[in-house]
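Hello,

Here is the structure I promised to pass on. Please have a look, then read my notes below.

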Amino acid sequence: MLATSLELATKYDYLADKFRQSFKWLQEHDATKLENGRYDICDGAFALVQRYSTVPFDQIAFEAHNDYFDIQYLAQGIETFNVCLRKDCEVTREDPASDMVYLSTPESYTSVTLKPGEFAIVPPEEGHQPRIMYGDKSVDVVKVVVKVSVK
């Protein structure tokens, strides 16, 4: 699944070697059996295994990154994942050391439901809001966020 604007679809090579190696890594590793933490994949890509419980919409801010794409891969659970154009938001806070840019909630955004085995790719020009409850029930999630360098 790749949901983005046509402008961004042609800007990046989503099948560049570091993306192919990242997808291969995801296929070869069962994240539900890995410890939380960082796993190096190749030059320009690494994976972050995370476990958390989903939360209501108003408890998580939209975020973006300057230096990395996110491949947000769900290994266990279900969550709503919201995506917007970064230009439609105001920056509320930045943490350059962790490549985090926090954004205001935009007037409009796209929501997708991520289920086990599904992913969303988010380029730096888009904001995203992960970890959102699907429906009104919090569930435990195992997710891998693969960080792919834009350089």
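Strand 2 gives the most to the lining of the largest pocket: four residues. Strands here are DSSP runs of E, at least two residues long, numbered from the N terminus. This is a predicted model, where local features need pLDDT of at least 70, side-chain atom pairs count only at pLDDT 80 or more, and totals for chains, interfaces and linings use all residues. Residues are numbered from 1 along each chain as its sequence is written, and side-chain values use heavy atoms, with hydrogens and water left out.

The pocket first. It holds about 250 Å³ of space. A pocket is an open set of points on a 1 Å grid over the protein atoms alone, where a 1.4 Å probe fits, with protein on both sides within 12 Å along at least five of seven lines; lining residues have an atom within 4 Å of a point. Points are joined across faces, edges and corners, and the volume is the space filled by probe spheres set on them.

There are 17 lining residues, and Gln 50, Glu 63, His 65, Met 100 and Lys 147 are the closest to the centre. Strand 2 (45-53), strand 4 (68-76), strand 10 (126-132) and strand 11 (140-149) each give two or more residues to the lining.

Now strand 4. Seven of its nine residues are buried, meaning under 20% relative accessible area with a 1.4 Å probe, protein chains only. Strand 4 runs antiparallel to strand 11, joined by eight bridges. Pairing takes at least two DSSP bridges. Gln 76 sits opposite Val 142 of strand 11. Strand 4 also pairs antiparallel with strand 9 (residues 119-122), over four bridges. There, Ile 71 has Ile 121 as its bridge partner.

Best wishes

Key. Buried means under 20% relative accessible area, exposed over 50%, partly exposed in between (1.4 Å probe, protein chains only).
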